[in-house]
Amino acid sequence: MTISQSEPIAAQDPPQPSASKAEGLVGRPDMRRLLQLVLAAIWLVDGVLQLQAFMFTPGPNGFSGMLTGMAEGNPHWVAQSITWNSSIVYHHPGITNGLFALIQILIGLGIAWRPAVKVSLAASVVWSLGVWWFGEGLGGVLHGDGTPVGGGPGAVLFYALLAVLLWPVEHGGEHPAFVAARAVGQDAAKAIWAVVWILMAFLTMIGSGRSPQGIHDIVDDVRQGEPSWLATLDRHVESLVSQQGLTIAIVLTVVFLVVAAGVFLRPPLARATLVLAMVTGAVIWVFGQNFGMILAGGATDPNSGPLLILLALSYWPVQASPSTRTASSPGLGASGGLAQAV
Amino acid sequence: MPYPSWLAYTFAALMIAVSVYCLGRLILARRLGRRNHTDVNIAHVLMGFAMVGMLVPDWNVLPVGLWEVVFAVMAIYFLYFTVLHVANNGLLAAPASDHVAHPLIHMVMACSMLYMYWLGMPMSSSDHMMGMSMSGAPSTGDPLLTAFLAIVLLVSAIRQLDVIGRFSPSRTGSRTLALSTVGAGSAPTNGSGSATGNGAAPMETHALEPLLAPRLEVACHIAMCVTMAYMLLLMV
């Protein structure tokens, strides 16, 4: 057995004209494709998490109980629809949960498989909105529990938003300033960014998130079942934020508003605000969401932290080198043939 | 916690299919004199059958101790080739990143298998897979490490699926990349996609040749990564 046997065949073969088209596939994907793949990986993680034993448990301690809990505090007509869905899951936990998992796994694999990118991204938008309604109770937005620290306005909304911003079309003109501009155009992308972060600033300042113990209670909730090192960290955070809910809410609001304005600034300042957005997303993910509670078991997704970071990356200013643009056909990405398929 | 047995049997059936296919692939490639990723396919066969035994303990074919030895040897083997490649080419030598990733991910898979055995897999026959996440049996290990291994495997599945198109005949315009058509040894391919092995006459196209398509090997890898990640996440 030699090392050559374990190496990809494509790379061992001598260069051939017919194989040149495949080089784009072998090489590094462009930024948009990379972000699509990260999104695909998150969907796949979600799908596999959906197969945990906890999800198949009927009753209040299982997935249907979790869904039923999402109805609480919502308007009657919303709560009724959530309860209706959870009752179906309650009576058929195996079939429904298996189906939910399969759909999410297929979305993840579909985004990764180039011929199915568009249909999978479209499906992810539909599925995300459904999960936001029936699985997240509209992110708690309607009853003041939608603070971004806890995942508001609903982590799954960011999946849908990213599917739109990473849609494989070219509407960003000759030299799009960032990845998200390629799909919806520069002005629309900037407007979306501003709306998202202003909404988050708004949600931070309303409802339970700004109460003195609001952040403390969120950290206390996610601490249950976590590994000892993380639980210890949480206790330290809890003591720091105790009775400081309003102060933290004000600080976060200012941060979100600065981030919202960031994409309208010159590239160096825009980069600084994007870094601020990513750091904020990471801090929220670690301390407010405990990595989506994946380590505690029973999580359905990694929550909004990684999605916020992914969203910020899709707005990272890019410089199109003349040679790269020349090498690519109009409408293609930096990697030419690669982008054609995505 | 109750756990649907049909899910364990479904994944077990998938792993049996992958193992049997990879075994057949090894035999077919040898009979046709085609080059094949022998080490990868052997790894897939072994990991597939081992996972079947974890999912459905009654179907376990080897003692746990023996499986541990097998996967320890496998991990060392792939570690050796990872180190060898990095030593010769550097970690970031483009476009060799896939060459590093290939033995590296199989080393991670072998280590994941060892990790699961060390945490007490498989369950006793009566517990089956349905008790995997019950407290105490098996041990949950370190959730961070468990989740990390699972996520690495899922990322590998996504990455492989992304590049699976490089083996498509329609994309490459040649069957060279779509089929494992290089003969044993390192003989170069000719323009038609057929190849000679060790200076022998050009090989005939065999009816079973499409079964050796690298895309199928990649698909097996993806199925294996997803299944293994699923088993790991059950232990968090």
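**Questions on helices and packing**

Q: How many of the 21 residues of helix α5(B) are buried?
A: A residue is buried if 20 or more other C-beta atoms, placed from the backbone, lie within 10 Å of its own; 12 or fewer makes it exposed, and anything in between partly exposed. α5(B) is largely enclosed by the rest of the structure, because its buried residues number 16.

Q: What pLDDT do local features need in this predicted model?
A: Residues are numbered from 1 along each chain as its sequence is written, while chains are lettered from A and ligands numbered from 1 in the order in which they are written. The model is predicted, with totals for chains, interfaces and linings using all residues, side-chain atom pairs counting only at pLDDT 80 or more, and local features needing pLDDT of at least 70.

Q: What distance separates the first and last C-alpha of helix α5 of chain B?
A: Helices (H or I, at least four residues) and strands (E, at least two) are DSSP runs, numbered from the N terminus. The expected span of a helix is 1.5 Å times one less than its number of residues. For α5 of chain B, residues 143-163, the expected span is 30 Å, and the reach from first C-alpha to last is close to that, at 30 Å.

Q: How many helices does chain B have?
A: Buried residues make up 47% of the 236 residues in chain B. The chain has no strands, and its elements run α-α-α-α-α-α-α-α from the N terminus on. The number of helices is eight.

Q: At about what angle do α8 and α15 of chain A pack?
A: Axes are lines fitted to C-alpha atoms, for helices over the stretch in contact, and angles run from 0 to 180 degrees between N-to-C directions. The axes of α8 (residues 155-165) and α15 (residues 305-313) of chain A are 9 Å apart, and the angle is about 25 degrees.

Q: Which residues of α15(A) make the contact with α8(A)?
A: On the α8(A) side the contact is made by A:A155, A:F158, A:Y159, A:L161 and A:L162. The α15(A) side supplies A:L307, A:L308, A:L310 and A:L311.

Q: Which helices of chain A do the buried residues of α10(A) pack against?
A: Among the buried residues of α10(A) are A:W193, A:W197 and A:M200. In chain A, the buried residues of this helix pack against α8, α9 (179-184) and α13 (245-262).

Note on methods
Two residues are in contact if their C-beta atoms, placed from the backbone, lie within 7 Å.
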